[in-house]
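Subject: Structure handover

Hello,

Here is the structure you asked for. Please open it alongside this message. My notes follow directly below.

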Amino acid sequence: MLRDPSTKYRPFPQIDLPDRQWPSKTIVKPPRWLSTDLRDGNQALIDPMDAEKKTRFFDLLCKVGLKEIEVGFPSAGATEFDFISGLVKTGRIPDDVSIQVLTQSRRDLIETSFASLVGAKTAIVHLYNAVSPAWRKIVFGMDRAQVKQIAIDGAKVLRDEAAKQPNVRWQFEYSPETFSTAELEFSLEVCEAVMDVLMPTPENPIIFNLPATVECATPNIYADQIEWFGRNIRNRDSVAISLHTHNDRGTGVAAAELGMMAGADRVEGCLLGNGERTGNCDLVTVALNMYTQGVDPKLDLSDIDAVVNTVNYCTNIPVHPRTPYAGDLVFTAFSGSHQDAIKKGFAAQEAKNDTLWEVPYLPIDPADLGRSYEAVIRVNSQSGKGGVAWVIEQDKGLKLPKRLQADFSRHVQAYADETSRELNAADIWQLFERTYLPHADDRVELRDYEESGTAGQRVFIGRVAIDGEERSISGRGNGLISGVIAAIAESTGPTLDVVDYNEHAIGHGADAQAAAYVECRTAAGKTVFGVGMDTDIATASVRAVLSAANRA
Ligand SMILES: CC(=O)SCCNC(=O)CCNC(=O)[C@H](O)C(C)(C)COP(=O)(O)OP(=O)(O)OC[C@H]1O[C@@H](n2cnc3c(N)ncnc32)[C@H](O)[C@@H]1OP(=O)(O)O
Ligand SMILES: CC(C)C(=O)C(=O)O
Ligand SMILES: [Mg+2]
């Protein structure tokens, strides 16, 4: 790396737009969406999609609700051409969906593109040529007038080819490719020249797609460029301004959002941001960002995992686990304080009477995307008591009292440190059983018991095995628990003092179980916890006390 990059790179100049309006705008309605997955996304794959994958992807896009879909670059080769003409001929395209094809501004390529669309009801033909200084100089070796002429010549072929198929409802799109790195006046001049040929109307506007072909500046610059173009283009009501951002600087989504604030009508991009280099604008993120502001994006992403699976299958590109909204881990909290906040958030959400979403650390309800809550909290050595308690509650229905949560969390922490891995629900339950529920190492094991006496004077008589030997023990108290405590103290010891007791049912009806929790203090001042589970709540409480005695 150069120590002084200023000799190699230049800062992007500011746009002269002192009265810019976009910073105080908000996005209140969805744009026209255009998926370019089957073209810009497809041209960016090591192995471009075959017809089967393209068809599957097309069906997914329709299912998600895309109404404009760029299906390919017909002149690129037979796979593309046959897929597009096949799509048209098989009648697979829903009536409310317009397909779009892309072509360079070269007569033969444009003619091939129109040939692929014979029989279509409606179609968008998308013409492009680069306009920025570097491309003019390096790629075309042309001056401004010559580059403008490429666009005009292409537009004329578009107009003439369209006239040959009068039954198709044609729409035209022109992209001054490299718009964001070109002089704004020149892009405008070229677009207006194209407009003069294609004669758009408010009923059939031309789409001017203004690409950040290579993202070279902060997204506010792009927004300035879009606002400037919208203010200056002639016949604005006959023009749909479209955004096409790439992600070279990591702000493809931000640029599209600011571009919408700057007045754009349409957004092009790919599901999950596939595309050349660092990708296109991720339509899923833009749409769901909108959704979390209470604006319906009119795209159905309620089964996000199905979207991820199909995109992954078709493109052979994995979706990063941290991809916004769609990544495997984006709703998962491992760390203690996050888990605690989320657990409290879910409880508060359930308790309140309105649907307004307010759960810490979760900007969206995972259920809205078809994600289950099970994956929200996962446990490793960074986790705290809240997270562990959540997993036990979700998995087994046990609502551990707070101090027991803290006690158990220490066991979990030690085990996670020891194993150096994530602990799943089964691991945690095994550890819980080993720590609090009856097991082979217990000194005292309950076989049976009965209780008698009057209110305030109860007698507990238990048949237990102590160190494997069956015995009868008994004790008196003002209730069942104190009777058990007395029986233990008189037989095996230890002497326990009950500090806290909790119980609850697990489940409903005939299958319902009960759980009881005791916190006791020994004569030596040690705190021990006991847990009992049984179909009978009284028996659960007896088991809880014996559990504490075994651990004392
Ligand atoms: C930013 C983007 O994503 S643009 C979309 C890019 N996508 C693709 O290119 C995918 C499909 N493309 C292809 O398969 C091929 O490019 C084809 C089949 C269409 C054309 O292939 P070829 O005829 O071999 O030409 P190639 O693509 O190399 O084009 C280079 C020539 O076209 C010219 N050219 C490039 N873009 C354009 C354009 N938009 N309009 C007119 N001419 C153009 C170049 O200046 C160059 O001209 P030269 O040969 O006189 O130097
Ligand atoms: C063809 C154009 C629209 C393009 O994909 C780009 O400039 O990124
Ligand atoms: Mg592109």
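Predicted model: local features only at pLDDT ≥ 70, side-chain atom pairs only at ≥ 80, totals over all residues.

Helix α4 and helix α6 cross in a right-handed sense. On the α4 side, R107, I110, E111 and F114 make the contact. On the α6 side, the residues are G154, V157, L158 and E161. By class, this contact has 4 nonpolar, 1 polar and 3 charged residues.

The axes of α2 (residues 51–64) and α11 (residues 304–315) come within 9 Å. Their crossing angle is roughly 155 degrees. Angles over 145 degrees count as roughly antiparallel, and α2 and α11 are therefore roughly antiparallel to each other. The crossing of α2 with α11 is left-handed. From α2, the contact uses K53, R56, F57, L60 and V64. From α11, it uses V307, T310 and C314. The class count for α2 with α11 is 5 nonpolar, 1 polar and 2 charged residues.

V388, V391, I392, D395 and K396 represent α13 in the contact. A425, I428, W429 and F432 represent α15. By class, the contact of α13 with α15 has 7 nonpolar and 2 charged residues, with no polar ones.

Now the ligands. Which residues come nearest to ligand 1? They are F73, A76, Q104, S105 and N129, out of 17 residues around this ligand. Two elements give two or more residues to the shell around ligand 1: strand β4 (122–130) and helix α5 (133–140). The shell divides into 7 nonpolar, 6 polar and 4 charged residues.

Ligand 2 has its own surroundings. D40, L102, Y128, S175 and E177 are among the residues around ligand 2. N209, P211, T213, H244 and H246 also belong to that shell. Strands β5 (169–177) and β6 (206–212) each supply at least two residues to the shell. By class, the shell around ligand 2 holds 3 nonpolar, 5 polar and 2 charged residues.

Last, the overall layout. The chain is divided into domain 1 (31–315), domain 2 (336–436) and domain 3 (444–550). How many Å separate the centres of domain 1 and domain 3? The separation is 72 Å, taken over C-alpha atoms.

Best wishes

Conventions: Residues numbered from 1 in each chain as written. Chains lettered and ligands numbered in written order. Domains from an automatic or database assignment. Near = placed C-beta within 6 Å. Helix = DSSP H or I, 4+ residues; strand = E, 2+ residues; numbered from the N terminus. Nonpolar A, V, L, I, M, F, W, Y, C, P; charged D, E, K, R; others polar. Left-handed = near helix turned anticlockwise from the far one by under 90°. Contact = placed C-beta atoms within 7 Å. Axes fitted to C-alpha atoms, helices over the stretch in contact; angles between N-to-C directions. Parallel < 35°, antiparallel > 145°, perpendicular 65-115°, else oblique.
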